[in-house]
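Open the model in your viewer and keep the selection tool at hand. We will go from stop to stop, picking residues and looking at what surrounds them.

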Amino acid sequence: MAKEEKAKAKKEQLKGKAKETMGRAVGNERMTAEGRAEQKKGDARQAKEKTKDTFKH
């Protein structure tokens, strides 16, 4: 299950980065902000999984 969550976090980070880059390319601030938010959500999920791994071992 942890692997699935880590993969989901990485997917969110990549999706957010792509959305942010596209938003900057077309000058769309809303899309850029949404991309940053998705990246932060992925970062938080990844940090949570790393914390769980630390206490698991």
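Begin by selecting E34 and R30: because they are four residues apart in helix α2, about one helical turn separates them. Helices here are DSSP runs of H or I with at least four residues, numbered from the N terminus. Show the side chains, and you will find E34 in a salt bridge with R30, the closest N and O atoms being 3.3 Å apart. The term salt bridge stands for a side-chain nitrogen of Lys or Arg within 4 Å of a carboxyl oxygen of Asp or Glu. E34 is partly exposed at 31% relative accessible area, while R30 counts as exposed at 65%. The cut-offs are under 20% relative accessible area for buried and over 50% for exposed, with partly exposed in between (1.4 Å probe, protein chains only).

A note before the next stop: this is a predicted model, in which local features need pLDDT of at least 70 and side-chain atom pairs count only at pLDDT 80 or more, while totals for chains, interfaces and linings use all residues. Residues are numbered from 1 along each chain as its sequence is written, and side-chain values use heavy atoms, with hydrogens and water left out.

**Next stop: R24 and E20**

Move to helix α1 and select R24 and E20, which are four residues apart and so separated by about one helical turn. Their side chains meet in a salt bridge, at 3.0 Å from N to O.

**Next stop: E12 and R45**

Now select E12, which sits in helix α1, residues 2-26. With 14% relative accessibility, E12 counts as buried. Which residue forms a salt bridge with E12? Select R45: the closest N and O atoms of the pair are 3.2 Å apart. This pair links distant parts of the chain, with E12 in helix α1 and R45 in helix α2 (residues 29-56), 33 residues apart. Both E12 and R45 are buried.

Not counting residues up to four places away in sequence, E12 touches E38, Q39, K41, G42 and R45. In total, the structure holds 10 salt bridges.

**Next stop: K6**

Stay in helix α1 and pick K6. K6 is partly exposed, at 34% relative accessible area. Leaving aside neighbours within four places in sequence, K6 is in contact with E49 and D53. Draw a distance between the C-alpha atoms of K6 and G42: the two residues are 36 apart along the chain, and the atoms are separated by 8.9 Å.

**Last stop: the positive patch**

Finally, select K8, K11, K15 and K48, which form a positive surface patch. Patch residues have over 30% relative accessible area and no salt bridge, and like charges are joined within 9 Å. Lys and Arg count as positive, and the place of a Lys charge is taken as NZ. Which helix gives the most to this patch? Helix α1 does, with three residues.

Technical notes
Helix = DSSP H or I, 4+ residues; strand = E, 2+ residues; numbered from the N terminus. Contact = heavy atoms within 4.5 Å. Patch = residues over 30% accessible without salt bridge, like charges linked within 9 Å, V, L, I, M, F, W, Y side chains within 5 Å. Areas by Shrake-Rupley, 256 points an atom, 1.4 Å probe, with all protein chains shown as cover.
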